[in-house]
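Please keep the sequence and the structure in view while reading.

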Amino acid sequence: MAKSKTIEESILIERLCQRDSSALDYLYDHYSGALYSVVLRVVRKEEIAEEVLQDVFIKIWDRMASYDPTKGRLFTWMLNIARNQAIDKTRSREMSQGKKTDDIDNLVNKIDRQESAYSPIEAIGLKEVLTKLPEDQRFVIDHLYLKGFTQSELAEEFGIPLGTIKTRTRMAMKELRSILNVT
């Protein structure tokens with residue numbers, strides 16, 4: 001789906017407070033990927049993460065009037081809702097009951113799958129390689145490739161010009177190729 005034009009955060013907040021559903025569509029299109037990554041890291045099951053993400057956007061929609069821009073950026077506020085919603089889900093009766101009813105074979109297979117899904121970053125020593133990058137490049141690569149931000153989200157969240165993000169990404173990739181002897 002092609003992303004629509006950028007809406008200034010203050011205008012987006014105003015439209016959300018006025019219950020403009022097209023603003024919610026915009027919010028979902030631009031932030032669901034990053035929020036999904038956060039939720040998935042906590043719940044570790046895709047089907048549950050999708051369910052939690054739906055709940056997150058409902059909560060954002062319902063609580064928009066309580067958002068206070070003086071206390072932080074909209075994305076940070078949404079991130080906190082997503083993380084808290086995911087943590088609540090892991091503590092829920094549904095998740096606890098599911099853990100108890102998993103037979104031992106499923107549990108072993110699940111752990112194997114989770115290990116294989118999450119360990120490659122550590123197994124290939126990516127984090128160690130990233131420490132060789134200059135701090136500004138490491139920050140960008142970490143947020144883009146390990147934390148699930150898009151370039152636009154990163155620029156908006158941390159107030160870094162989009163062009164700077166792109167330049168740092170390009171320079172980091174060049175540096176990583178050199179470190180890893182990839183031509």
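Read from the N terminus on, the elements of the chain run α-α-α-α-α-α-α-α-α-α-α.

The model is predicted: local features need pLDDT of at least 70, side-chain atom pairs count only at pLDDT 80 or more, and totals for chains, interfaces and linings use all residues. Residues are numbered from 1 along each chain as its sequence is written, and side-chain values use heavy atoms, with hydrogens and water left out.

Two totals describe the chain as a whole. A residue is buried if its relative accessible area is under 20%, exposed if over 50%, and partly exposed in between, with a 1.4 Å probe and protein chains only. Of the 183 residues of the chain, 33% count as buried. Contact means heavy atoms within 4.5 Å. Among the contacts in the chain with a separation of 6 or more, 59% are between residues 24 or more positions apart.

L16 counts as buried because its relative accessibility is 1%. Leaving aside neighbours within four places in sequence, L16 is in contact with A23, L24, L27, W61 and M64. L16 and I60 are 44 residues apart in sequence, and their C-alpha atoms are 9.3 Å apart in space.

One of the contacts of L16 is W61, which lies in helix α3. The relative accessible area of W61 is 17%, so W61 is buried. Not counting residues up to four places away in sequence, W61 touches L16, R19, D20, S21 and L24.

R19, in this list of W61 contacts, lies in the loop between α1 and α2 (21-43). Although R19 is not a glycine, it has a positive phi of about 65°. R19 is partly exposed because its relative accessible area is 42%. A positive phi, near 60°, also occurs at R44, again a residue other than glycine. R44 is found in the loop between α2 and α3 (46-63). With a relative accessibility of 41%, R44 counts as partly exposed.

Two packed helices are described by the angle between their axes and the distance between the axes. Axes are lines fitted to C-alpha atoms, for helices over the stretch in contact, and angles run from 0 to 180 degrees between N-to-C directions. How do helix α9 (residues 135-146) and helix α11 (residues 162-179) cross, and within what distance do their axes come? The axes come within 9 Å and cross at roughly 95°. That makes α9 roughly perpendicular to α11 (angles under 35 degrees count as roughly parallel, over 145 as roughly antiparallel, 65 to 115 as roughly perpendicular and the rest as oblique). On the α9 side, D136, Q137, V140, I141, L144 and Y145 meet I165, R168, T169, M171, A172, M173 and E175 in α11. By class, this contact of α9 with α11 has eight nonpolar, two polar and three charged residues (Ala, Val, Leu, Ile, Met, Phe, Trp, Tyr, Cys and Pro count as nonpolar, Asp, Glu, Lys and Arg as charged, and the others, Gly among them, as polar).

The axes of α9 and helix α10 (residues 151-158) come within 10 Å and cross at roughly 125°. That makes α9 oblique to α10. F139, V140, H143 and L144 of α9 and Q151, L154 and F158 of α10 make the contact. Its residues divide into five nonpolar, two polar and no charged.

F158 of this contact also belongs to a group of rings. Rings of Phe, Tyr and Trp (its six-membered ring) pair if their centres lie within 6.5 Å; planes under 30 degrees apart count as stacked, over 60 as edge-to-face and the rest as tilted. By this rule the count comes to six aromatic pairs. F149 and F158 form a tilted pair, 6.1 Å centre to centre with 50° between the planes. F149 is buried, with a relative accessible area of 11%, whereas F158, at 38%, is partly exposed. Ring pairs link Y31, F75, F139, F149 and F158 into a cluster.

Definitions and conventions:
Helices (H or I, at least four residues) and strands (E, at least two) are DSSP runs, numbered from the N terminus.
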